[in-house]
Amino acid sequence: MTHEVRAVVVRETGAHPSVETVLVPDPGPGEVLVRVRSCGICPADLDWREGGPDGRFPVLLGHEAAGVVAAAGAGVAGVRPGDFVVLNPHAPCGSCRSCRHARARGCAAPRRAARPMTLTDGTELSPALGVGALAECTLVAAGQCVKADPAVSSAAAALLGCNVLAGYGAAVHAGAVGRGDSVAVIGCGSVGLAAVAGARAAGAGRVIAVDPDGRRLDLAERFGVTGTVNSARIDAVEGVRALTGGLGADVVVDAVGSPETYAQAFYARDLAGTVVLAGAPARAATVRLPLSDVFARGGVLSSPRHGGGLPARDIGALLDLHLKGRLDLGAFLGPRIGLGDVGAAFEALCHGDMPAPVVLL
Ligand SMILES: [Zn+2]
Ligand SMILES: [Zn+2]
């Protein structure tokens, strides 16, 4: 059986996202049909508006979502119909060279649904990050579903599929923030705010938020930063150094992923510290750094997927922190909107509005 559902589609480069009817097939072996309850608006979707792999169109947007399993295909053991699940783009295959060497977070071929979702004329859709969740229903690989406690709201749970997972992981896993460390986070979108939360949880001494938008710095204050740098008014590197005894921070998270912010992160970091690239760069972005500085300043330049987090392991742990009152997922939630508001929501995201909206279905 095929399900006719409403979904947000981009047909060509530069086209506005539109709500269209798409066809979602019943799950085949190892696949799961999920009735989406909530889907976040993530900057990575902006990049997918330029097309899927190899520039393929049409694209089905959305990848940061939670919902309820409607049907499970043959051989699916981990979830069953009625389960509340968080979707994620990274379900390690278990057999590629990375997975075989216990480096599942670098999996070269993450699992995806094999059966295509299509337009009503049969044109195959490219689901964003292999999820495609700005839709009433989506089809994913079973490994892309992480079972969650239904006590958590779907809007809050959705964020764990991407931004919060990546930001929190950037501080805790990739940055390996330790007690007393100084941490600077460049960019106060969802990824940056989650990095602030992760740094605080890991016992950082100083946590400095850097952003050119005062509204976002105000929001970061609510996440417990100890200092802020408004990079529209003062140089980001000088600002971080001034708040760290002139040295720079032990760990700097670039939660934006632009050539400019990456260079700021590199020079705002103390010698032999760690820079974590956690914001997803645009495809054409190119960074230029003097190689002699890379050599002389030492340290670690890290850019693992999802901040080094593993969805199957970390989503449950983050939900648990939320339920125990130690991670306020509600603070990441912006306005609740409908599928028809997605185009405007992307524009607002481009203008730096935070917290980002969440689509309720
Ligand atoms: Zn693999
Ligand atoms: Zn995302």
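Predicted model: local features only at pLDDT ≥ 70, side-chain atom pairs only at ≥ 80, totals over all residues.
Residues are numbered from 1 along each chain as its sequence is written, and local features need pLDDT of at least 70. Side-chain values use heavy atoms, with hydrogens and water left out.

The zinc ion (ligand 1) is coordinated by the SG atoms of Cys-93, Cys-96, Cys-99 and Cys-107 at 2.3 to 2.4 Å; donors are N, O and S atoms within 2.8 Å of the metal (3.2 Å for Na, K and Ca). The angles subtended by the four donor atoms are 104 to 117°, which makes the arrangement tetrahedral (four donors with all angles between 85 and 135 degrees). Ideal angles for four tetrahedral donors are 109.5 degrees. The spacing of the donor residues in sequence is C-x2-C-x2-C-x7-C. Cys-93 and Cys-107 are both buried, that is, under 20% relative accessible area.

Helices are DSSP runs (H or I) of at least four residues, and strands (E) of at least two. The axes of helix α4 (residues 163–174) and helix α5 (residues 190–201) come within 7 Å and cross at roughly 40°; axes are lines fitted to C-alpha atoms.

Pro-212 lies in the loop between β12 (206–211) and α6 (214–222). Pro-212 is exposed, with a relative accessible area of 53% (exposed is over 50%). Beyond its neighbours within four places in sequence, Pro-212 is in contact with Asn-230, Ser-231 and Ala-232 (heavy atoms within 4.5 Å).

Conventions:
Chains lettered and ligands numbered in written order. Tetrahedral: all angles 85-135°; square planar, octahedral: opposite > 155°, others 65-115°. Buried < 20%, exposed > 50% of the residue type's maximum accessible area, 1.4 Å probe, protein only. Axes fitted to C-alpha atoms, helices over the stretch in contact; angles between N-to-C directions.
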